[in-house]
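Keep the model open as you read.

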Amino acid sequence: MYNITVIPGDGIGKEVMDATITILRKTGIKFNFTYAKAGDDCKKETGTALPEETITLIKESDACLFGAVGETAADVIVKLRRELDTYVNVRPIKTIQNVENPIDFTIIRENTEGLYIGEEQITTDGAIATRRITKKASKRICEYAFEYAKKLGKNKVTAAHKANVLKVTDGLFKEIFYETASQYPTIETEDYYIDATAMYLITNPTDFQVIVTTNLYGDILSDEGAGLVGGLGMIPSANIGENNGLFEPVHGSAPDIAGKQIANPTAMILSACMMLNYLEEYETAKNIEEIVIKTIQEEKIITPDINGTASTQEMAEYIASQLRKN
Ligand code: ATP
């Protein structure tokens, strides 16, 4: 029995979470789902976007499934990643549709520092934001990237930074990247400036295998990556630390399409697969992934963002109906 904290959050977070739970309930695995509040709606209701009991519940659970939050993202998900010390954000960018040159790379994003520490202040002539890069966080994210590459049989890791301008902070990140790389002599390494990386992702996306980068750069590159493979509805992510795992789609609460049952549940479902792998339920994760791929490639029961006509829940129910019976 796995204790899972479920945070649907705001907007389409609720719809894609319902869809995903529909599938997980059909796997035959015993889950104890405990629903918890966080986000804009929670703030309106309770006065706080991230109640203490939600944090405690996640810490006591085996894993957390997180939908999306809207305007309160900085107070909820950014804070949670720090509180839980989920120092790595793994974002696999993979083409699911049948295409000639499929894209398949993973962004390993540092999740606890950089510009997202939220230390901003007003000054007499404007405002300042602090960008923190530590040796410890850089070392563990680079090590994670190389270990990830090794485990998945990838043979190249690319660092994205801006060390020519941010000489001290990104200079440190780059130095630690190559220091770490020296322990993995069989893995090819390269580094690009973040702006060049953004362009190469468009011009040569199949050249990349694993990209390791700091917090804000990783956030931006992953939305760009989503754009390469069918949009934000397709990309899952895992926030992993020593003691906690929190799994969420890369997209936000998408207020423009919320409540219409047209959100693509793929990103949330694949995030749940990343959770199943984290829980070492490899067979079930693989089974769901294969059905998601087949469903999208069949182009029948899929949502409008990928040229279908099915609703969020219809797509999920179809996937659930195809599960191999245990
Ligand atoms: P937030 O303020 O919560 O970040 P946002 O609208 O700024 O919301 P996203 O939620 O990431 O940012 O969405 C950006 C756009 O991508 C949305 O306008 C929506 O049309 C599209 N989108 C995001 N997720 C999905 C999805 N699961 N299915 C279909 N379209 C999506």
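Are α1 and α9 parallel, antiparallel, perpendicular or oblique to each other? Helix α1 (residues 12-24) and α9 pack at an angle of about 45°, with axes 9 Å apart. They are therefore oblique to each other. Angles under 35 degrees count as roughly parallel, over 145 as roughly antiparallel, 65 to 115 as roughly perpendicular, and the rest as oblique.

This is a predicted model: local features need pLDDT of at least 70, side-chain atom pairs count only at pLDDT 80 or more, and totals for chains, interfaces and linings use all residues. Residues are numbered from 1 along each chain as its sequence is written, and side-chain values use heavy atoms, with hydrogens and water left out.

Stay with this pair. The crossing of α1 and α9 is right-handed (the near helix is turned clockwise from the far one by less than a right angle). On the α1 side, Val 16, Met 17, Thr 20, Ile 23 and Leu 24 make the contact. Met 268, Ile 269, Ala 272, Met 275 and Leu 276 answer from α9. Contact means heavy atoms within 4.5 Å. By class, this contact has nine nonpolar residues, one polar and no charged.

Now turn to the other partner of α9. Helix α9 (residues 266-278) packs with helix α10 (residues 282-298) at an angle of about 160°, their axes 8 Å apart. That makes α9 roughly antiparallel to α10. Here the crossing is left-handed. From α9 come Thr 266, Ile 269, Leu 270, Cys 273, Leu 276 and Asn 277. They meet Tyr 282, Thr 284, Ala 285, Ile 288, Glu 289, Val 292 and Ile 296 in α10. This contact has nine nonpolar, three polar and one charged residues.

How enclosed is α9? It is largely enclosed by the rest of the structure, because 11 of its 13 residues are buried (under 20% relative accessible area, with a 1.4 Å probe and protein chains only). Among them are Ala 267, Ser 271 and Met 274. Just after α9, Glu 280 takes a positive phi of about 65°.

Finally, look at helix α5 (residues 135-151). Its buried residues include Arg 140, Ile 141, Phe 146 and Tyr 148. The buried residues of α5 pack against the strands β4 (88-94), β5 (104-110), β8 (156-161), β9 (188-193) and β10 (210-213), and against helix α6 (169-181). Just after α5, Gly 153 takes a positive phi of about 70°.

Note on methods. Axes fitted to C-alpha atoms, helices over the stretch in contact; angles between N-to-C directions. Helix = DSSP H or I, 4+ residues; strand = E, 2+ residues; numbered from the N terminus. Nonpolar A, V, L, I, M, F, W, Y, C, P; charged D, E, K, R; others polar. Expected span 1.5 Å × (residues − 1). Buried < 20%, exposed > 50% of the residue type's maximum accessible area, 1.4 Å probe, protein only.
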